[in-house]
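Here is a short briefing to read alongside the model. Take a moment with the view below, and then we can go through it topic by topic.

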Amino acid sequence: MDFSYTSYEKLISLLKQHNYAITNYIDYHKYKKAAILRHDIDFSINDSYNFSLFEESLDIKSAYFVLLSTGFYNPMEKSARKMLQDMHNRGFTIGLHFDTTVYNTSDLNKPIQSEKNILEEIIDAPVNLLSFHRPAPKVLENDLKFPGLINVYSKEFFHDFKYCSDSRFFWRDKPYDLITSEKYDRLHILTHAFCWSESDRNPDYVYKSFISQASQERYKYLTENIRNPEEFISEEEAKKLWFNR
Ligand SMILES: [Zn+2]
């Protein structure tokens with residue numbers, strides 16, 4: 001299975017053929033067979049936004065988890081904010097993706113609630129889903145609960161569901177096989193939109209483009225935030241720093 005949109009479309013068709021309802025963290029128990037589609041936004045809101053448009057074209061809805069503490073994107077930035085609001089308005093669920101290593105405290109509830117409030121302000125809607133970024137074993141083992149939030153790494157969704165993920169362009173369990181095996185009534189499928197595109201790409205190409213993209217974005221922000229940036233670096237010079245896509 002590669003990381004093209006066609007392969008993802010096949011994943012969705014297989015789920016449908018095998019009678020899985022593509023549902024969410026609240027309604028799944030209404031169905032004999034249920035699949036939850038989750039996306040952690042580890043790298044790019046823009047890629048996730050495009051992926052949500054693609055999912056909409058397949059007539060499915062999923063959940064996207066936003067990492068407020070990342071160095072890769074800023075969810076408070078104007079265009080990011082608009083994209084997240086639009087995803088919410090089109091029926092996608094926006095949850096909080098939380099990095100426990102950022103905070104030096106044993107009481108995680110406080111920073112989780114404060115990030116939840118910030119994300120609610122950004123999307124202008126309630127947030128009630130929580131996923132952990134690169135969760136430590138103790139986070140996975142302890143069935144953690146937080147007021148007002150569904151922890152998608154709780155026992156309910158991490159053990160009672162068959163969980164599979166495409167982390168680092170690698171599936172430990174092959175999703176097509178899990179679906180066709182008929183062994184599981186509950187599937188929790190995590191994908192990262194960053195890995196996926198119209199046609200399959202090598203991971204090294206994806207990472208190089210990602211780095212180059214950051215340089216292009218920096219130049220754009222320079223032109224928007226200082227007067228006469230050309231005095232210091234012309235667009236021609238800036239382009240030399242960009243990877244040929
Ligand atoms: Zn993550």
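For comparison, the ideal angle for four tetrahedral donors is 109.5 degrees. Please keep in mind that this is a predicted model.

- D42 and H133 link distant parts of the chain, being 91 residues apart. D42 sits in the loop between β2 (34-41) and α2 (45-57), and H133 in the loop between β5 (129-132) and α5 (137-141).
- Are D42 and H133 buried or exposed? D42 counts as buried because its relative accessibility is 14%, under the 20% cut-off. H133 counts as buried too, at 15% relative accessibility.

**The chain as a whole**

- You will find nine helices and eight strands in the chain.
- Taken along the principal axes, the C-alpha atoms fill a box of roughly 65 × 40 × 35 Å.
- Of the 245 residues, 47% count as buried.
- The accessible surface of the chain is about 13300 Å², and carbon and sulfur atoms account for 49% of that area.
- Among contacts between residues at least 6 apart in sequence, 68% join residues at least 24 apart.

**Cysteines**

- How many disulfides does the count give? The count comes to zero disulfides.
- C164 is in no disulfide, and its nearest cysteine sulfur, that of C195, is 13 Å away. A disulfide would need the two sulfur atoms to be within 2.5 Å.
- C195 is likewise in no disulfide, with the sulfur of C164 as its nearest cysteine sulfur.
- C164 is buried, with a relative accessible area of 3%, and C195 counts as buried at 4% relative accessibility.

- Y153 lies in the loop between β6 (150-151) and α6 (155-158).
- With a relative accessible area of 5%, Y153 is buried.
- Which residues is Y153 in contact with, leaving aside its neighbours within four places in sequence? They are R38, S131, F132, P135, L140, F158, Y163 and L190.
- From C-alpha to C-alpha, Y153 and I118 are 21 Å apart in space, and they are 35 residues apart in sequence.

**Backbone points to check**

- Most residues other than glycine have a negative phi.
- D59 is not a glycine, yet its phi is positive, at about 65 degrees. D59 is placed in the loop between α2 and β3 (63-67), and it counts as exposed at 67% relative accessibility.
- F169 is not a glycine either, and has a positive phi of about 60 degrees. F169 is found in the loop between β7 (162-165) and α7 (175-180), where it counts as buried at 11% relative accessibility.

Notes: Residues are numbered from 1 along each chain as its sequence is written. This is a predicted model: local features need pLDDT of at least 70, side-chain atom pairs count only at pLDDT 80 or more; totals for chains, interfaces and linings use all residues. Side-chain values use heavy atoms; hydrogens and water are left out. Helices (H or I, at least four residues) and strands (E, at least two) are DSSP runs, numbered from the N terminus. Buried means under 20% relative accessible area, exposed over 50%, partly exposed in between (1.4 Å probe, protein chains only). Contact means heavy atoms within 4.5 Å. Accessible areas come from the Shrake-Rupley method with a 1.4 Å probe; for residues, only the protein chains shown count as cover.
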